[in-house]
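Please read the following points with the model open beside you. They are arranged by region, so that each paragraph can be checked against one part of the picture.

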Amino acid sequence: MTIKVVHIAHSADGGAGRAARRADAACRAAGIDSSFACVDARAETEDVVRLKVAKARTGDVAQVLTDKLQWSLIPAQRAPGGFSLFSVAYPGADIAAHPAVVAADIVHLHWPTWTVTPPAVRRLAEAGKTVFVTLHDMWMFTGGCHYASGCRQFETMCMKCPQMADRLGLASAGFEDKLAAYGGGLPGLHVVALCDWMKGLAQSSRILRDAPFHLIPNPLETDVFAPGDRAALRAGLGLGPDDVALLFGNYDNTEKRKGADILVAALKRLAAMERQGKGRLHLISFGRNSAFDLPEGVAGLNFGEIGDDAVLAALYCAADLLCFPSVEDNYPNGIVEVASCGTPAVAFRTGGMADMIDHGRTGWLVDGLGDAGAFAEGIAAAIGALVGDESVRAACRERTLATNGMEVVGRQLAAAYGAALARRVDGAPVEPSPMRAQLQSHILLPVDDRMGAEFLKPPLARFLADNGAGGGTPERLRRYAAPGKERLRVLAVRSFHEHHSVYSGPYHFLRHLPADAYDISNVTVPLGDEMMAEAEARGLARALGALVGAAPFGTQSNAWVAEWEIARRLRQERFDIVHFIDGELGGWLVSRLPDSFFAGGVRPALLTMLHQPEALLKDWTSAAALARFDMLGAVAEHQADWLRAMVPGVPVVSVPHGIDTDYFCPAPAERAAGPFRMVAVGHWLRDYGLAFAALDRLAAEGIALDYRVVSHATNLPPLPGYVTLRSGISEDDLRQEYREADLVFMPLAAATANNALLEGMACGTPVMSTRTGGVPEYVGAQAGVLCEAEAGAMAEALRALIADPARRAAMGRAARARALTFDWREMGRRFDTLYRELAGRRGAAARMRA
Amino acid sequence: MSVRRWSVPEAGACLAGPLTEADEVAFVLPEGAGTVELRGIGDCVAPPVAGAVVLPVEGGFWMRLTPADGTVRMPVPRGLRFVLAQVPGAMPAPSFFPLSGLPEIQAAGADASDGMAEHLAALLRRGSGDAALAVVQRLGPAQAEAVMPDLLAMLADDPGDAPAHLLPFLALCSRGNARCA
């Protein structure tokens with residue numbers, strides 16, 4: 001019996017949409033009854049069926065998700081380094097009841113964002129459909145980014161997105177939503193990777209690693225994209241026989257990862273290079289935003305958006321070389337299309353390009369990712385080695401026919417489908433497709449705004465409500481697991497601190513808990529008060545914070561609101577543990593609620609972690625308030641001792657702050673010579689007055705100093721001339737500051753744990769700070785120098801260190817070694833032990849009550 | 001003009017309100033406490049109080065004074081909704097209920113019985129926080145404590161338009177937290 005497949009993509013026209021249409025054609029060529037549908041297309045054609053979806057009205061959840069969240073809040077929150085789209089999954093289109101989906105054996109998804117939601121994937125699979133999803137980018141296994149830009153959080157858990165100031169915790173909510181919906185090896189879900197690079201990434205991802213994988217490239221109409229009469233085409237474009245025609249184009253050239261900036265910079269260098277025996281340089285460009293400011297010596301031919309493949313194929317044929325400076329890409333259609341026309345490509349040796357280009361034979365791979373100079377050299381080398389060589393053009397064509405031909409890929413898809421359905425496929429081409437007739441039934445699909453519970457939770461739920469789209473019942477999905485595997489359910493409540501490094505918030509241990517032993521649900525609470533709109537209510541919240549005995553909490557109206565949302569969730573869902581990771585700012589209400597309030601009448605075990613030094617904590621909370629928790633967490637032993645004395649009846653554990661030692665690591669190169677360079681980071685409890693007083697003494701002695709202060713604080717003391725203030729810098733720049741410093745010099749007024757000291761130590765930089773609070777526990781005896789809070793003593797210690805580079809080097813090595821003992825993986829093990837103990841106590845308490 | 005009287009705990013704070021222009025409030029300081037800090041909450045200007053140091057702050061005013069007789073009397077200006085009174089430097093430990101309420105409020109308190117949680121939940125779901133708080137005060141600490149678990153559960157199941165910032169009151173009134181932590 002013929003296998004029936006419906007391919008579904010959000011759009012027909014982007015790279016994924018084009019590839020999906022081709023997959024549909026390849027299927028039909030292989031004897032599969034296949035069709036393609038999307039919700040967004042420039043035009044409906046014989047091969048493209050546009051699904052009709054009901055329009056969302058103003059105030060509908062779907063409208064708020066699209067207009068207020070996806071295209072308003074998210075763009076406003078993008079970090080300067082954010083270089084690819086970040087998408088929430090919702091709303092979708094409710095396709096389940098569509099006749100084509102009902103009739104299909106296989107629903108094959110391509111770029112399902114905003115079309116088939118994560119819970120809908122689960123529903124399809126549970127309804128008996130075999131679901132294939134082709135990874136046209138990384139979105140299926142990330143918290144929302146389509147390309148991770150080097151971030152590897154998707155391997156464990158997306159916690160803090162480096163591409164976005166994620167105040168609503170969208171990345172962790174999106175990640176947990178997908179994990180719950182189709183993670184853990186959802187039966188019936190198959191994954192198609194287009195290249196080894198993407199397959200490797202997806203197989204390392206927490207969400208998809210348990211799924212069956214198929215490696216199948218995109219097919220191509222090799223009859224449309226085929227070598228043509230180059231001479232005539234070039235003449236038509238005004239290109240001389242010796243001219244070099246470079247080509248560049250993407251669906252949208254403003255997407256940063258596509259590298260338009262790199263290309264323009266490279267062309268400037270290329271134009272200045274001496275080139276032998278070649279004519280004028282031309283750049284043929286196409287796609288959205290394809291007009292570039294080209295240097296003198298490079299003539300531009302801009303074609304804008306091209307909707308006709310024949311025109312595109314003509315440009316490919318006429319060109320000598322496709323320039324593809326993307327810094328992260330999967331399986332670009334352009335490289336396949338251009339090769340099919342016989343034209344080689346130059347690209348960085350990264351992503352799928354490294355799989356697609358046979359260096360020196362079908363193109364040129366450039367090392368030095370993202371470097372415009374290297375790319376210019378690569379273009380020059382490719383022009384010299386490849387342009388004008390007909391054997392190169394033949395090799396490009398041969399490779400494409402062998403790899404991407406419709407019949408070739410169709411057979412691979414048929415084999416994968418057949419294996420999934422345990423059915424053999426060897427029929428004749430199916431044309432026209434009966435499935436396509438099903439699609440053209442002009443059914444109006446409802447909007448699918450049923451959101452998974454891990455997505456529709458605070459603070460996003462409050463955001464939707466505040467924008468007039470409250471209500472909605474979250475769809476509760478428990479992550480698929482093999483029978484008999486029980487997991488502890490932990491609700492982790494954390495504050496969003498904008499100034500925290502992506503890699504150093506106190507919650508990253510959650511990523512390193514044993515994946516099969518836990519279901520973690522994060523609730524992110526942004527500091528501030530936008531969730532409480534009325535000024536009077538905010539004033540009252542402050543006053544009531546004092547009344548409750550949690551004054552700092554009261555100043556954060558958002559925490560006030562979130563606490564109630566958390567309490568509501570705990571009434572509806574059973575959790576084993578609730579962990580208030582920023583205990584100073586959470587737990588005041590939940591800890592006061594009686595057992596009868598909670599789901600099933602069982603109160604979860606409550607753990608609160610406290611981070612502030614005693615001097616502050618004694619005014620921020622009280623023994624009575626802390627006595628309501630089942631366990632108290634400290635981040636330093638001395639703080640734990642203080643808490644034990646303050647709250648004698650409650651167990652207190654100490655688990656230090658961790659550090660990402662993979663990211664924060666020593667620089668490959670030696671530190672540069674120059675003035676003695678120091679760095680300090682942050683503002684909270686930093687004693688810059690003392691730092692400047694100590695350094696002023698050295699400066700007065702004529703010692704050259706370079707002190708980098710990385711802080712967004714506006715209340716710093718007057719900055720001496722040797723200080724450079726840096727604000728709003730990227731993660732990589734922050735790491736570079738640590739790496740290039742001779743010393744992390746950061747006196748502190750008080751401290752329990754300190755991220756900046758750990759970050760510096762992990763980069764192999766020695767530290768000097770104040771002997772206070774928990775600092776000695778973190779720094780130890782070998783990684784740096786701790787002084788009393790006195791300028792003279794600090795100046796003396798600094799003087800000695802400046803004069804002794806060998807000692808500093810030894811300290812740097814010791815600092816790195818000590819930082820490794822604080823690695824997040826180790827903290828994950830410690831919290832695993834702690835959580836099990838806490839859950840055991842809770843179980844014992846419940847049994848006693850019973 | 002009625003005088004509503006509140007006692008400021010020795011180690012803590014008390015909250016007076018919701019208030020109306022028809023009220024006058026009096027804060028009785030604990031014995032031995034010379035100075036009190038008052039934070040007015042609402043869209044208002046600070047009322048004239050002899051000897052007080054006054055600062056306008058976001059959402060109201062702040063004042064500090066040392067009353068000669070241990071009691072602060074203050075008219076309620078238009079827009080003033082709540083006043084938080086605290087002995088400076090005291091560890092926060094909340095007190096919510098007035099030392100002595102109005103006679104009619106005390107009388108109404110006697111009526112509190114079955115159905116009170118539903119009544120309060122209905123008020124809060126309609127967004128009538130002031131009315132709900134007034135009812136809670138009429139109940140007195142013991143009855144308030146008894147009714148709060150049910151009330152919180154009802155609101156969690158169906159919050160309607162309940163004002164989130166009033167939840168601390170409700171939490172305070174449950175599990176024996178009505179007077180102090």
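1. A nonpolar core is taken here as a set of buried Ala, Val, Leu, Ile, Met, Phe, Trp, Tyr and Cys residues joined through C-beta atoms within 7 Å. The model under discussion is a predicted one, and in it the largest nonpolar core has 328 residues. Those with the most contacts inside this core are Leu246(A), Leu247(A), Leu321(A), Ile335(A) and Ile379(A). As background, nonpolar side chains tend to be buried together in soluble globular proteins.

2. Which strands make up the open sheet of 6 strands in chain A, and in what order? The order is β12-β11-β10-β13-β14-β15, and the pairing is parallel. The edges are taken by β12 (298-302) and β15 (363-366) of chain A, and because each has a single partner strand, one side of each is left without a neighbour in the sheet. On average, and with direction ignored, neighbouring strands of this sheet are turned by 25° against each other.

3. Within that sheet, strand β13 (residues 321-324) and strand β14 (residues 345-348) of chain A are joined by 3 bridges in the parallel sense, and Leu322(A) stands opposite Ala345(A) in β14(A). Helix α10 (residues 333-340) of chain A lies across β10 (244-252), β13 and β14 of chain A, and its direction is at about 170° to that of β13(A).

4. Another parallel pair in chain A is formed by strand β1 (residues 4-11) and β2(A), which are linked over 7 bridges; in β2(A), Asp33(A) is the bridge partner of Lys4(A). Of the 8 residues of strand β2 (residues 33-40) of chain A, 7 are buried, so this strand is largely enclosed by the rest of the structure.

5. Helix α4 (residues 118-126) of chain A packs with helix α5 (residues 170-182) of chain A at an angle of about 5°, the axes being 8 Å apart. The two helices, α4(A) and α5(A), are therefore roughly parallel to each other. Pro118(A), Pro119(A), Val121(A) and Arg122(A) in α4(A) meet Asp177(A), Lys178(A), Ala181(A) and Tyr182(A) in α5(A), and by class this contact has 5 nonpolar, no polar and 3 charged residues.

6. Turning to chain B, its secondary structure comes to 5 helices and 9 strands, and from the N terminus on the elements run β-β-β-β-β-β-β-β-β-α-α-α-α-α. Chain B has 181 residues, of which 45% count as buried. Among its contacts between residues at least 6 apart in sequence, 71% join residues at least 24 apart.

7. An open sheet of 3 strands in chain B has the order β1-β3-β7, with mixed pairing. Its edge strands are β1 (2-7) and β7 (71-75) of chain B, each of which pairs on one side only, and the twist averages 20° from one strand to the next. β1(B) runs parallel to strand β3 (residues 23-28) of chain B, the two being joined by 6 bridges, and Arg4(B) stands opposite Val25(B) in β3(B).

8. Two residues of chain B deserve a separate look. Leu15(B), in strand β2 (residues 13-16) of chain B, is buried, with 27 other C-beta atoms within 10 Å, and its C-alpha atom is separated by 4.5 Å from that of Leu84(B), 69 residues apart along the chain. Val136(B), in helix α3 (residues 129-139) of chain B, counts as buried because it has 27 C-beta neighbours inside 10 Å, where 20 or more are required.

Methods: Residues numbered from 1 in each chain as written. Chains lettered and ligands numbered in written order. Predicted model: local features only at pLDDT ≥ 70, side-chain atom pairs only at ≥ 80, totals over all residues. Axes fitted to C-alpha atoms, helices over the stretch in contact; angles between N-to-C directions. Helix = DSSP H or I, 4+ residues; strand = E, 2+ residues; numbered from the N terminus. Parallel < 35°, antiparallel > 145°, perpendicular 65-115°, else oblique. Contact = placed C-beta atoms within 7 Å. Nonpolar A, V, L, I, M, F, W, Y, C, P; charged D, E, K, R; others polar. Buried ≥ 20, exposed ≤ 12 C-beta atoms within 10 Å, placed from the backbone. Pairing = 2+ DSSP bridges.
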